[in-house]
Amino acid sequence: MENKKIIYSGIQPTGVLTIGNYIGAMANWKAMQDEYNCIYGIADLHALTVRQNPAEYRQRAMSFFAQYLACGLSPEKCVLYFQSHVRQHAELQWILNCYTYVGEMQRMAQFKDKSQKHEDNINMGLLNYPVLQASDILLYQASLVPVGADQKQHIEITRDIAIRFNNLYGETFTVPDIYLSKHGAKINSLQDPYAKMSKSDTNENATVSVIEDADSIMRKFKRAVTDSEAFVEYREDKAGISNLLTIFSVMSGESIESLVERYRTLGYGKFKNDAGEAVVEKLKPIRAEYDRLMKNKDYLKETAKSGADKASFLAEKTLRKVKKRVGLVEN
């Protein structure tokens, strides 16, 4: 790899990749490919904390891989792989478990939240999730991790674990920093503009997939929640309109200020229709490329294997160093 800073990120293959994922992650990931050494994983081990239908999960994971490629991530410019195909993730997690305290894991906000939502399945994976995430990042000596505000606590614990290990054994891990994009970092639900757009939302009108058909996209934008006022303005107390303005701006390339000036008095109907059309137009080539890729499963499998081989080579260098530092016998 070239002598550039390393960026690592991964997304769980649950639900669908939404325009929120595209704006907040994928578009930024694509832009970073030329500036950084980028490693992007499909975090399929993480998603096992919730029970999955095996056949559906396998198909969805492959669909996610195709969506990664369709969104513009290039296997020539970055490392793309399935987390479960690189054994070093799980190996490093076990070692780092021994340098992580139970109390730290119990205090994690996401563990508390998911424990309440899945009271019938509070498993060790749910508790241990942040250590696997730390392993994902530290394996590749990543300097930067692009995450949303809801994941900042996980990067903080990753830093704590890395610093703790380095203090005991000498400089072993790069201590990563958070990479926050300047624009469009958080896209909210079309039905609840105060909640983040989630790829696992059960309300089908709340999210828009990057591979969704045009009619469905237009229907969802026309139903998007706004407010009782009749003018377009970007304001904290106009969450619905402000969210749509952010989406419209990113998808069209036009500034929010320019959109506000043009649509201020034209009414919400016209504004939502044109915002939907901007999204349809932006996603059209992604949908076409996705359809093409899904017809060539052999190519997807070959590309995933190549990515996993590259990731394994990089990960093994770190894992060997860690094993030596903690005193394991070399093989």
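Leaving aside neighbours within four places in sequence, with which residues is Gln153 in contact? The first legend below gives the answer, and the structure shown in every view is a predicted model.

View 1. Gln153 belongs to helix 7, which covers residues 152–169. Once neighbours within four places in sequence are set aside, the residues in contact with Gln153 are Arg107, Met108, Ala109 and Gln110. For one of these, Gln110, the C-alpha atom is separated from that of Gln153 by 8.9 Å, and the two residues are 43 apart along the chain. The relative accessible area of Gln153 is 30%, so this residue is classed as partly exposed.

**View 2. Aromatic pair of Phe165 and Tyr169.** Helix 7 also holds Phe165 and Tyr169, which are four residues apart, about one turn of the helix. In the model, the count of aromatic pairs comes to 13. Phe165 and Tyr169 form a tilted pair, with 4.7 Å from centre to centre and 45 degrees between the planes.

**View 3. Crossing of helix 3 and helix 6.** Helix 3 spans residues 88–97 and helix 6 spans residues 124–138; their axes come within 8 Å and cross at roughly 120 degrees. The two helices are therefore oblique to each other, since an angle between 115 and 145 degrees is neither roughly perpendicular nor roughly antiparallel. The crossing of helix 3 past helix 6 is right-handed. On the side of helix 3, the residues that meet helix 6 are His89, Leu92, Gln93, Leu96 and Asn97. Helix 6 contributes Asn128, Val131, Leu132, Ser135, Asp136 and Leu138. By class, the residues of this contact comprise five nonpolar, five polar and one charged.

**View 4. Leu138 in helix 6.** Leu138 is part of helix 6 and is among the residues of that helix that meet helix 3. Its relative accessible area is 0%, so Leu138 is buried. Not counting residues up to four places away in sequence, Leu138 touches Leu96, Thr158, Ala162, Phe173, Thr174, Pro176 and Thr318. The C-alpha atoms of Leu138 and Ala162 are separated by 7.5 Å, while the residues are 24 apart along the chain.

**View 5. Loop between helix 6 and strand 4.** Leu139 lies in the loop that connects helix 6 with strand 4 (144–146). With a relative accessible area of 0%, Leu139 is buried. Apart from neighbours within four places in sequence, Leu139 is in contact with Gln88, His89, Leu92, Leu314, Ala315 and Thr318. His89 and Leu92 are also among the residues of helix 3 that meet helix 6. A separation of 9.3 Å is found between the C-alpha atoms of Leu139 and Thr174, which are 35 residues apart along the chain. Gln141 is placed in this loop between helix 6 and strand 4 as well. Gln141 counts as buried because its relative accessibility is 18%.

**View 6. Packing of helix 2 against helix 11.** Helix 2 covers residues 54–70, and helix 11 covers residues 268–294. The two helices pack at an angle of about 130 degrees, with their axes 9 Å apart. They are therefore oblique to each other, and helix 2 passes helix 11 in a right-handed crossing. From helix 2, Gln59, Met62, Ser63, Ala66, Gln67, Leu69 and Ala70 take part in the contact. Their counterparts in helix 11 are Ile286, Glu289, Tyr290, Leu293 and Met294. Eight nonpolar, three polar and one charged residue make up this contact.

View 7. Ser63 is located in helix 2. Its relative accessibility is 8%, so Ser63 counts as buried. When neighbours within four places in sequence are left aside, Ser63 is in contact with Tyr290 and Met294. Tyr290 and Met294 are both named among the residues of helix 11 that contact helix 2.

Definitions and conventions
Residues numbered from 1 in each chain as written. Predicted model: local features only at pLDDT ≥ 70, side-chain atom pairs only at ≥ 80, totals over all residues. Heavy atoms only, no water. Axes fitted to C-alpha atoms, helices over the stretch in contact; angles between N-to-C directions. Parallel < 35°, antiparallel > 145°, perpendicular 65-115°, else oblique. Left-handed = near helix turned anticlockwise from the far one by under 90°. Contact = heavy atoms within 4.5 Å. Nonpolar A, V, L, I, M, F, W, Y, C, P; charged D, E, K, R; others polar. Phe/Tyr/Trp six-rings, centres within 6.5 Å; stacked < 30°, edge-to-face > 60°. Buried < 20%, exposed > 50% of the residue type's maximum accessible area, 1.4 Å probe, protein only.
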